[in-house]
Amino acid sequence: CAGSCCAGKRGEDRKEIKVISWDPVEEYEVIGDRDVTTNCLRMCDRIAFYDPVLQKNPFNEFGGIIVSMLFDGPPGTGKTKRMRMMMTRLQRRAEMVLLQYLFKSVTADQIKSEWYGKTAQLVGELLKAVQDPSLLALLFVDDIDLLLTGDRNDPGTSGGDMDIMKALMDFFS
């Protein structure tokens, strides 16, 4: 999620990687493109079809789950509210099907470290948590443009930036 997605969220200590709490948001409260809102809600509904015993989701078998979304726009265009709406929807669906759920948000200040290897460790811990096959999870990357400071071929790109890039690319593949 790009933009000011921290509004309305409270997190635990930075070293623990934030677990998000939020005020529920209903779909009618979200401004912006109605088709985008509908797609976000459908994605949350489809994620809730996950079977933790089989560790499969029937929608995933047919390519019906969107694995990543980018919300972009200036402040006040509904990025944060839409994210909170998705969390509300998935929480309700998870409770209906008796599954646990987890929402995590990551920002650059949480995972960037001046110590070699520490960034990779922090990213790995975060991604491992949302890949737990016993629960439904959403991962929000807040201000993704701040996670990486340069092009991967730029000599000024730090090892921490390369760690973040590799971990995220591996995760999304």
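Which residues in α1 meet which residues in α3? Select helix α1 (residues 34–47) and helix α3 (residues 79–96). You'll find Val-36, Thr-37, Cys-40, Leu-41, Met-43, Cys-44, Asp-45 and Ile-47 of α1 in contact with Arg-82, Met-85, Met-86, Arg-89, Leu-90 and Arg-93 of α3 (contact means heavy atoms within 4.5 Å). Colour them by type: nine are nonpolar, one is polar and four are charged. Here Ala, Val, Leu, Ile, Met, Phe, Trp, Tyr, Cys and Pro count as nonpolar, Asp, Glu, Lys and Arg as charged, and the others, Gly among them, as polar.

A quick note on what you're looking at: this is a predicted model, where local features need pLDDT of at least 70 and side-chain atom pairs count only at pLDDT 80 or more, while totals for chains, interfaces and linings use all residues. Residues are numbered from 1 along each chain as its sequence is written, and side-chain values use heavy atoms, leaving out hydrogens and water.

Stay with the two helices. The axes of α1 and α3 are 9 Å apart, at an angle of about 30° (axes are lines fitted to C-alpha atoms, for helices over the stretch in contact, and angles run from 0 to 180 degrees between N-to-C directions). So α1 and α3 are roughly parallel, a label for angles under 35 degrees.

Next, select strand β1 (residues 100–106): five of its seven residues are buried (under 20% relative accessible area, 1.4 Å probe, protein chains only). Click Leu-102 and look across to its bridge partner in β2, Ala-137.

Technical notes. Helices (H or I, at least four residues) and strands (E, at least two) are DSSP runs, numbered from the N terminus. Angles under 35 degrees count as roughly parallel, over 145 as roughly antiparallel, 65 to 115 as roughly perpendicular and the rest as oblique. Buried means under 20% relative accessible area, exposed over 50%, partly exposed in between (1.4 Å probe, protein chains only). Two strands pair if DSSP finds at least two bridges between them.
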